[in-house]
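Take a look at the structure below. Follow the chain from one end to the other before reading on.

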Amino acid sequence: MYTAFYMWHGVISTDFYRIQYPKGIFLGLAAIVYLIVSFVLYKVFELKFWVKITTNLFLRGLFAGVILGFTLFAFTLVLGVGFSGSYSLKILLVDCLWQLIEQTIGGMVIALAHIFIFVPHLEEDEIRNS
């Protein structure tokens with residue numbers, strides 16, 4: 001998610017030019033924020049009610065990413081934290097869509113990690129069945 005954040009704001013939209021203080025401080029604090037966001041995303045991914053909705057880990061990652069992405073978008077909009085000086089409907093929709101994409105990427109990474117780290121019995125079943 002941090003890499004996606006950097007690519008979007010630093011390379012594609014060049015928002016980093018608007019930062020009024022040292023870029024290193026901003027990126028360091030952003031890294032801390034993204035660690036916290038990653039932890040919250042993992043907790044949303046691990047909620048028990050997902051079992052009632054789907055057992056597919058990638059759908060859980062998608063849903064968790066969308067929920068957290070929209071929540072983060074709403075928080076940043078309400079708090080006024082952002083790079084944009086104007087808030088047209090087009091800019092808000094692009095920002096919201098990007099936040100959904102960014103957090104969904106994180107949800108997919110969590111799903112992959114969950115498969116490889118927390119579901120080792122899949123490999124054991126394949127070995128026994130061969």
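This is a predicted model: local features need pLDDT of at least 70, side-chain atom pairs count only at pLDDT 80 or more; totals for chains, interfaces and linings use all residues.

Start with the fold. The protein has six helices and zero strands. Along the sequence, the pattern reads α-α-α-α-α-α.

Now look at what is covered. The protein has 130 residues, and 31% of them count as buried. Helix H1, residues 2-12, gives an example. Its buried residues are Ala4, Phe5, Trp8 and His9. Look down the axis of H1: these buried residues fall within an arc of 105°, so they line one face of the helix. What covers the buried residues of H1? The cover includes helix H2 (23-45) and helix H5 (89-118).

The protein exposes about 8700 Å². Carbon and sulfur atoms supply 72% of that area. One part of the surface is a nonpolar patch of about 610 Å². Its members are Leu47, Phe49, Ile53, Leu59, Leu62, Phe63, Val66 and Ile67. Which helix gives the most to this patch? Helix H4, residues 57-79, does, with five residues.

Ile67 is found in helix H4. Is Ile67 buried, exposed or partly exposed? Its relative accessible area is 41%. Buried means under 20% and exposed means over 50%, so Ile67 is partly exposed.

Terms used:
Residues are numbered from 1 along each chain as its sequence is written. Side-chain values use heavy atoms; hydrogens and water are left out. Buried means under 20% relative accessible area, exposed over 50%, partly exposed in between (1.4 Å probe, protein chains only). Helices (H or I, at least four residues) and strands (E, at least two) are DSSP runs, numbered from the N terminus. The arc is that of the directions from the helix axis to the C-beta atoms. Contact means heavy atoms within 4.5 Å. Patches are made of residues with over 30% relative accessible area and no salt bridge: like charges are joined within 9 Å, nonpolar side chains (Val, Leu, Ile, Met, Phe, Trp, Tyr) within 5 Å. Accessible areas come from the Shrake-Rupley method with a 1.4 Å probe; for residues, only the protein chains shown count as cover. A salt bridge is a side-chain nitrogen of Lys or Arg within 4 Å of a carboxyl oxygen of Asp or Glu.
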